[in-house]
Amino acid sequence: NAKAWADPWKQEKIKQIALLLKGALRAEALVGLKMNVPKDKIEGIIPILPCLNAPTVAHLYKSDWLSVEVIVDRKVVRDLVPRLLKYGAEGIIEYPLHKVI
């Protein structure tokens, strides 16, 4: 209400709650995907990855493999996973998200 909104402390708390609720609602439509990719196949994998910004890519310890992680719309996973396997990805993990801020 207007009285609560006029109180700076309450207004800040309302904004925090709204932020967290929006993050939870946004996360409902998204999932995380994590996979291992041979270093020589990464250039074929990156272009087919839909993601929020850019994929996270990290080298695996003492290996020619990379760990690749993305956040994608859950609707694309069914078609994306077979393509990732075709292009050389292995050990694909899909995980739910609770909030995306």
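Which residue of β3 does H59 stand opposite? Here are some friendly notes on that and on the rest of the model.

1. **Ground rules.** This is a predicted model, in which local features need pLDDT of at least 70 and side-chain atom pairs count only at pLDDT 80 or more, while totals for chains, interfaces and linings use all residues. Residues are numbered from 1 along each chain as its sequence is written, and side-chain values use heavy atoms, with hydrogens and water left out.

2. **Overall layout.** The protein has 4 helices and 4 strands; helices (H or I, at least four residues) and strands (E, at least two) are DSSP runs, numbered from the N terminus. Their order from the N terminus is α-α-β-α-β-β-α-β.

3. **Overall dimensions.** The radius of gyration, taken over C-alpha atoms, is 19 Å, whereas a compact globule of 101 residues would have one near 13 Å. The globule rule behind that comparison is 2.2 Å times the number of residues to the power 0.38. Along the principal axes, the C-alpha atoms fill a box of roughly 60 × 30 × 20 Å. Of the 101 residues, 26% count as buried, meaning under 20% relative accessible area with a 1.4 Å probe and protein chains only, against over 50% for exposed and in between for partly exposed.

4. To come back to the opening question, H59 stands opposite L66 in β3. Strand β2 (residues 56–59) runs antiparallel to β3, and 4 bridges join them; pairing requires that DSSP finds at least two bridges between two strands. The hairpin has 5 residues between its strands, and K62 in the turn has a positive phi of about 45 degrees.

5. **S67 in β3.** Strand β3 (residues 65–73) also holds S67. This serine counts as buried because its relative accessibility is 13%. Beyond its neighbours within four places in sequence, S67 is in contact (heavy atoms within 4.5 Å) with K34, M35, N36, T56, V57, A58 and L60.

6. **Helix α4.** V77, L80 and L84 are the buried residues in α4 (residues 77–86). Seen down the helix axis, they fall within an arc of 65 degrees, so they line one face of α4; the arc is that of the directions from the axis to the C-beta atoms. The buried residues of α4 pack against β1 (30–38), α3 (42–45), β3 and β4 (90–96). Exposed R78, D79 and K86 sit on the face turned away from the buried side. After α4 comes G88, with a positive phi near 110 degrees.
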